[in-house]
Amino acid sequence: MTLHADAGEGAAREEIRELIRRACWQLDQGDFAAWLSNFDDEGRYEIVAYSPEIRREMRWLNTSREGLKQLLKEMPNHVTEDARRAHMVMEIGIEMKEGGEASALSRFVVFKTNQRGETAVYAVGRYEDLLSGGVGSWRFRARRVLLETRMFDVFPHIIPL
Amino acid sequence: MSLIVKTPPRVASTHYLDNRIFTDQSLFEEERHKIFEKVWNFVCHESEVPGPGDYRTVQLAGHPLIITRDRDLQLHAIYNSCPHRGQRIVRKECGTARSLQCFYHLWNFGLDGTLRQVTRPQGYQGVGFDLKDYCIPRVRVDTICGLVFVCLDTETEPLADFLGDVVGHFRETLGSAPMEVFIFHQAVFKTNWKLWNDNNSELYHEYMHYLNRNTNLKGESFFNRTWRMYRNGHNAVAEAEVAYEAGGLDNRDANRLPGTRPNGFSLTNIFPDTVVNCRSTIIRMDRMVPLSPGRTLIEWRGIGIKGEPDEVRAMRERHFTDIWGPCGRNITEDQIATETQWIAMSAGAARHTVLAREENLRPMDDGNLRAYYAEWGRRMGRPAHAPFAGELPR
């Protein structure tokens, strides 16, 4: 591997880190249109959790970018919780693959602050991301949100995590 | 002078409730004894204990229980408490075991609760100790259509009699093919258990849900059916056709569950806390574990056909989670509604609930709730509209 290639890979990793952080910030700001633009045209999004009660993994949400767009469009019509969320995300690893793809694993914690100003830990889990693109154009091809938290104060509802 | 309206609504006494039935601690304790400890309670599905040695822990009215299946495939329900020092025997939600061993002093029990051996038995010689005297207490267990029910009372009628004809509403759907739970989630909602039950049982609040305004209420047959009431407080409403596509969801025609019609939606309420909600391709079952007047553990199960192809299972998952589940459109709305309702009630801001809708038992008639609270009153020995009649007002 050449020094040039190493530098390119380093830049790609930093872009992916930036994408993961930015996606969290966009969710916290409620900028769902910007968040959605982080997915490529074939982008998929799922939220899964393991149930020890029935000894299997469950998919609580499994949809495409178009499906997400529809859900987010509906959101103003739904009765939703009046609280703010704040993501803290930590990169565990990024693996560069052939053909302009990469995978990334990160841990996240979401805090929630209600209208009275009370803050509590809301959810703990990890992002398993498959990314596509290249310099300046990394996007999520698939984001898998694996939740460790299963007992929620208020359910996530249709608001992405 | 208090501005809180304490005078009853000017309707028949059957048509309103005193909201203290949702908030009062003494009534809550009474409900545990007079209702939950007396009736048959749905606790899990048979698929949660499918094979020999499988067990599943459940809570019922403050009682920790273990549902087990022995090597002869017989189901048992026993207390999850060691007769020695009261220790919890099983600490996991489910598992498989040849026997149950208390981790504290290693007393060992059969899956039916029989005490098999104790550690260092010589210490009990000379005190008249007999293994037979220290078996884990059993409770009654029975199944119908794969649903496991337990009853803490020895005098209560058999399960089939307790349920009666309401089973007809789900017998074919749940009972004619091997079924399994493939989604399970739970939450502690800050509300009274009956408010969640009411939310499940009344269809007037369909207007609250954006999705249901665009699907359920656009189906031609939604209003063209009636509630049916059964002995012991059970009730059900037959299947209506729902305009799923109008709400941007899949049509529900292919891979329907047995006995359902395309794009259907039916509801069966089993007294006191269980709901069978069927939408053609998927069943959702709710059960409740009342923790305090204002806290309720709610369990949801998504049920489909066992052993079906992956793509069919994926379709059922989607049909369930499009509407329900922690990330679905409706459950959070119901949660917010019932929690804020309880906050207002517990502050004493509203003394009465009005159940006065009469539409010839059409879906938005409150008749099923009136029948439910008549049964509640019968079992509690006090009417739901005046639970403290004759006592000093609170």
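Which order do the strands of the open sheet of three strands in chain B have? The order is E7-E8-E9, and the pairing is antiparallel. I will come back to that sheet. What you see above is a predicted model, with an ipTM of 0.92 and a pTM of 0.95. For chain B the average pLDDT is 95, and 97% of the residues score at least 70.

Next, strand E11 of chain B. This strand covers residues 147-151, and five of its five residues are buried. Which residues point one way from E11(B), and which the other way? Leu147(B), Phe149(B) and Cys151(B) point to one side, while Val148(B) and Val150(B) point to the other, and all are buried.

E11(B) has pairing partners to go through. One is strand E2 of chain B, residues 40-45, which runs antiparallel to E11(B) and is joined to it by five bridges. In that pairing Cys44(B) has Val148(B) as its bridge partner. Another is strand E10 of chain B, residues 138-144, again antiparallel and again over five bridges. Here Val141(B) is bridged to Val150(B). E10(B) and E11(B) form a hairpin with two residues between the strands, and in it Cys145(B) takes a positive phi near 55°.

Phe149(B) deserves a separate word. Leaving out neighbours within four places in sequence, its contacts include Trp40(B), Phe42(B) and Val43(B), and also Asp142(B), Thr143(B) and Leu159(B).

The largest one has 118 residues. Among those with the most contacts inside it are Phe149(B) and Val150(B), together with Val43(B), Ile283(B) and, from the other chain, Ile16(A). Strand E12 of chain B, residues 179-189, gives the largest share, six residues.

Now the contact between the chains. It takes 26 residues from chain A and 26 residues from chain B. On the side of chain A that touches chain B, the elements giving two or more residues are strand E1 (39-51), strand E2 (56-64) and helix H3 (65-74) of chain A. E2(A) gives the most, with six residues. By class, that side of chain A has 13 nonpolar, six polar and seven charged residues.

Some backbone geometry, for those who check such things. In general, most residues other than glycine have a negative phi, and most peptide bonds are trans. Where is the cis peptide bond? It joins Phe271(B) and Pro272(B), with omega at about 5°. Pro272(B) is in the loop between strand E15 (264-270) and strand E16 (274-278) of chain B.

Two loop residues of chain B also have positive phi values. Arg120(B) has a phi near 50°, and its place is the loop between strand E9 (115-117) and E10 of chain B. Arg120(B) is exposed, because 8 other C-beta atoms lie within 10 Å, and the cut-off for exposed is 12 or fewer. Asn360(B) is not a glycine either, and its phi is positive at about 55°. Asn360(B) is found in the loop between strand E19 (352-354) and helix H9 (367-380) of chain B. With 8 C-beta neighbours inside 10 Å, Asn360(B) counts as exposed.

Last, Arg85(B). Its place is in the loop between strand E5 (75-79) and strand E6 (94-96) of chain B. Is Arg85(B) buried or exposed? Arg85(B) is exposed, since there are 10 other C-beta atoms within 10 Å. Not counting residues up to four places away in sequence, Arg85(B) touches Tyr104(B) and His105(B). From Arg85(B) to His33(B), the separation is 52 residues in sequence and 24 Å in space, C-alpha to C-alpha.

Terms used: Residues are numbered from 1 along each chain as its sequence is written. Chains are lettered from A and ligands numbered from 1 in the order in which they are written. This is a predicted model: local features need pLDDT of at least 70, side-chain atom pairs count only at pLDDT 80 or more; totals for chains, interfaces and linings use all residues. Two residues are in contact if their C-beta atoms, placed from the backbone, lie within 7 Å. Helices (H or I, at least four residues) and strands (E, at least two) are DSSP runs, numbered from the N terminus. Ala, Val, Leu, Ile, Met, Phe, Trp, Tyr, Cys and Pro count as nonpolar, Asp, Glu, Lys and Arg as charged, and the others, Gly among them, as polar. A residue is buried if 20 or more other C-beta atoms lie within 10 Å of its own, exposed if 12 or fewer, and partly exposed in between; C-beta atoms are placed from the backbone. Two strands pair if DSSP finds at least two bridges between them. pLDDT is the predictor's confidence in each residue, from 0 to 100. A nonpolar core is a set of buried Ala, Val, Leu, Ile, Met, Phe, Trp, Tyr and Cys residues joined through C-beta atoms within 7 Å.
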